[in-house]
Protein chains: 2
Amino acid sequence: MKVTPWEVEGKIDYDKLIKEFGTQKIDETLLGRVKRHAGDLHPYLRRGFYFSHRDLNLVLDDYENGRGFFLYTGRKPSGPMHIGHLTPMILTKWLQDVYGVNLYIEITDDEKFVFDRNAGWDKIDGWAEDNIRDIAAIGFNPDKTFIFRDREYIRHVYPLVLEVARRVTFSTTKAVFGFTNESNIGQIFYPAYQTIPTMFEKKRCLIPCAIDQDPYWRIQRDIAESIGYKKTAAIHSKFLPPLTGIFGKMSASIADTAVWLNDDEKTIAKKINKYAFSGGQPSVEEHRKKGGNPEIDVPFQWLRLLFEPDDAKLEKIEGDYRSGALLTGELKAILIEKLNKFLEEHRKKRERADVEKYMKTGKLAQKMWETHY
Amino acid sequence: MKVTPWEVEGKIDYDKLIKEFGTQKIDETLLGRVKRHAGDLHPYLRRGFYFSHRDLNLVLDDYENGRGFFLYTGRKPSGPMHIGHLTPMILTKWLQDVYGVNLYIEITDDEKFVFDRNAGWDKIDGWAEDNIRDIAAIGFNPDKTFIFRDREYIRHVYPLVLEVARRVTFSTTKAVFGFTNESNIGQIFYPAYQTIPTMFEKKRCLIPCAIDQDPYWRIQRDIAESIGYKKTAAIHSKFLPPLTGIFGKMSASIADTAVWLNDDEKTIAKKINKYAFSGGQPSVEEHRKKGGNPEIDVPFQWLRLLFEPDDAKLEKIEGDYRSGALLTGELKAILIEKLNKFLEEHRKKRERADVEKYMKTGKLAQKMWETHY
């Protein structure tokens with residue numbers, strides 16, 4: 001297996017990853033504390049989709065002691081968004097609602113630019129606009145959420161970016177990100193900017209992200225305290241399995257492995273029926289006799305991770321599939337219906353989303369445009 | 001000898017430097033063309049203080065063909081300024097007056113910050129303010145000159161900085177600037193910003209600078225055309241000899257080797273009499289007999305390079321010194337008087353300087369604050 005911020009390959013052993021990365025498992029004690037605060041647990045937490053963390057316990061301490069914390073997530077505008085891109089946003093919203101905290105969302109147009117020699121600003125700006133609309137559709141608190149593009153906000157953070165940059169050697173970036181002598185100096189510098197929103201407040205920052213983004217926060221955690229900020233905390237998700245099989249990561253670069261937020265009903269049905277990797281048997285007869293294997297069945301896993309929050313209903317689906325009572329086509333049909341309903345609602349929210357509030361006119365946005373770091 | 005943007009050591013062989021750096025000698029033909037345009041030649045040019053160039057011939061072609069050009073110089077705000085820091089500014093003003101062109105002056109506060117781990121913004125900002133006042137005192141055309149601090153102007157240039165950065169590998173910066181794996185990522189990124197003012201206009205840029213700054217422009221010249229700009233031109237000066245000897249470079253880090261713009265009359269007299277390296281003989285008798293050696297005499301060289309523009313007067317001083325008619329103390333007295341007069345005038349101009357015009361309200365400054373690259 002290979003896991004870096006830019007590459008995920010092979011079958012992922014998540015317990016091994018926790019050891020390799022030096023993070024902690026999200027255990028029952030922690031989940032119990034969150035449940036006490038929230039009244040319930042988001043399915044992503046309940047079902048172990050978010051499985052690893054750094055300092056989540058300290059975040060919860062800070063909350064309980066009245067010191068508070070804040071949230072940070074981001075998006076590289078490198079194309080249209082798929083379902084996998086939305087999952088950290090969905091958990092982030094849930095956390096914002098539960099804890100009533102500020103949230104910063106960084107749109108890393110500069111990252112896209114320096115990592116893709118062929119990308120022009122026109123294209124990146126188009127994607128940024130499109131992605132921001134998808135993100136705004138999530139329904140974050142408009143007075144406690146600030147969405148910004150790196151290129152537009154640089155003037156406000158450049159001194160702090162440099163404060164981080166002068167503490168990070170090329171050696172460190174080689175070790176952490178695998179840069180080489182042939183990496184360009186824009187790529188090498190970029191990680192400094194990505195750490196900055198963790199310092200937007202003096203409180204502790206909590207970052208919901210996929211586990212492959214962890215290296216960025218290692219750099220932050222190495223230097224934050226020396227410049228007067230707290231080490232950032234993070235909670236890490238597993239990778240959403242691609243349509244075509246439960247290994248690896250849903251990838252924007254292989255269109256068929258992903259479900260896009262603008263896929264229409266017909267496309268969804270076709271994609272799931274054609275590409276979704278099934279744990280069922282080759283023939284109906286065999287399936288009725290032997291039953292399917294939900295562990296490797298992508299439609300079932302998607303229901304479990306994303307689209308069937310009701311535990312009782314999920315359990316029934318699982319049992320029926322395992323017994324052979326539920327056929328592959330029927331399981332897929334359940335997913336198709338759920339997925340299309342989700343996307344239809346998302347697109348409605350997208351149309352209504354007040355992007356301006358998050359970026360300029362909301363209370364937090366206004367404050368951020370008056371702030372210089 | 002060793003010549004990099006951060007270090008100048010040993011006796012400099014300027015002909016060898018031209019070969020090593022791959023620049024061109026400023027020859028009589030070129031000087032003749034400038035003289036035709038200006039009516040006269042600035043002493044720095046007439047006396048070979050500016051000795052090397054890249055594409056000055058093309059700049060003069062552009063001028064003669066009506067395509068025009070523009071000027072760019074800069075200052076790292078790392079402390080108070082000395083006489084040596086002012087010399088490129090003085091020639092730049094002369095060129096602006098002769099050719100009536102725009103001038104951009106970059107105050108590289110970010111460079112200072114990333115190259116000096118101990119420097120705080122308060123201190124750097126204080127130096128920047130002080131330096132800008134010294135620069136404004138030169139009397140550039142207030143409607144054709146834009147002085148800006150990197151930190152304040154970053155929002156306007158960040159996309160173009162990234163456009164350069166993504167074309168420069170770490171390997172290149174290693175070769176050109178001698179960066180190592182232990183260089184910080186702020187240092188590694190910085191050269192991209194320093195190239196940017198060469199692209200403020202689509203015309204050709206001309207940079208008057210000391211020869212040790214040439215590496216920055218090599219990077220610019222490698223990529224400018226691929227992103228739609230002209231390769232920058234430059235004219236290079238020799239190093240102003242430090243007070244203590246004619247080798248090396250006047251250094252801000254050894255206070256006694258430099259004359260500071262805020263040195264008072266008494267300090268100047270004391271410094272020159274005590275530290276200025278003399279080409280005279282140990283005793284008056286011996287000096288009268290053998291005469292002095294103006295080639296290695298710092299007071300004479302300073303008069304030649306900076307403070308005695310009148311060729312006839314300079315020739316007389318040289319002859320008298322060589323013959324022994326002029327004593328070391330008398331030669332130093334001439335320099336002390338000239339220097340104090342220069343500094344007194346400079347300080348008056350400094351008080352009157354309208355910094356705001358260059359930075360915000362002049363015609364060019366206004367235009368630049370409306371421009372995004």
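Tutor: The buried residues of helix H10 (residues 185–195) of chain B are Ile185(B), Gly186(B), Gln187(B), Ile188(B), Phe189(B), Tyr190(B), Pro191(B), Ala192(B), Tyr193(B), Gln194(B) and Thr195(B). A residue counts as buried if 20 or more other C-beta atoms, placed from the backbone, lie within 10 Å of its own; helices (H or I, at least four residues) and strands (E, at least two) are DSSP runs numbered from the N terminus. Because eleven of the eleven residues of H10(B) are buried, this helix is largely enclosed by the rest of the structure.

The model is predicted, so local features need pLDDT of at least 70 and side-chain atom pairs count only at pLDDT 80 or more, while totals for chains, interfaces and linings use all residues. Residues are numbered from 1 along each chain as its sequence is written, and chains are lettered from A and ligands numbered from 1 in the order in which they are written.

Taken as a whole, 29 residues of chain A are in contact with 28 residues of chain B. On chain A, helices H6 (109–115), H8 (150–165), H9 (170–177) and H10 (185–195) each supply at least two residues of the side that touches chain B, and H8(A) gives the largest share, seven residues.

Elsewhere in chain B, strand E6 (residues 103–107) has five of its five residues buried, so this strand, too, is largely enclosed by the rest of the structure. Leu103(B), Ile105(B) and Ile107(B) point one way from E6(B), whereas Tyr104(B) and Glu106(B) point the other way. E6(B) pairs (at least two DSSP bridges between strands) in the parallel sense with strand E5 (residues 69–75) of chain B over five bridges, and Thr73(B) stands opposite Ile105(B) there. Five bridges also join E6(B) to strand E7 (residues 145–149) of chain B, again running parallel, with Ile107(B) opposite Arg149(B). E5(B) has a further parallel partner in strand E8 (residues 204–210) of chain B, over three bridges, where Phe69(B) stands opposite Arg204(B). These strands belong to an open sheet of seven strands in chain B with mixed pairing, in the order E3-E4-E9-E8-E5-E6-E7, and its edge strands, E3 (24–25) and E7, each pair on one side only.

The C-alpha atoms of chain A fill a box of roughly 65 × 50 × 45 Å, taken along the principal axes. Among contacts in chain A between residues at least 6 apart in sequence, 75% join residues at least 24 apart.

Key:
Contact = placed C-beta atoms within 7 Å. Buried ≥ 20, exposed ≤ 12 C-beta atoms within 10 Å, placed from the backbone.
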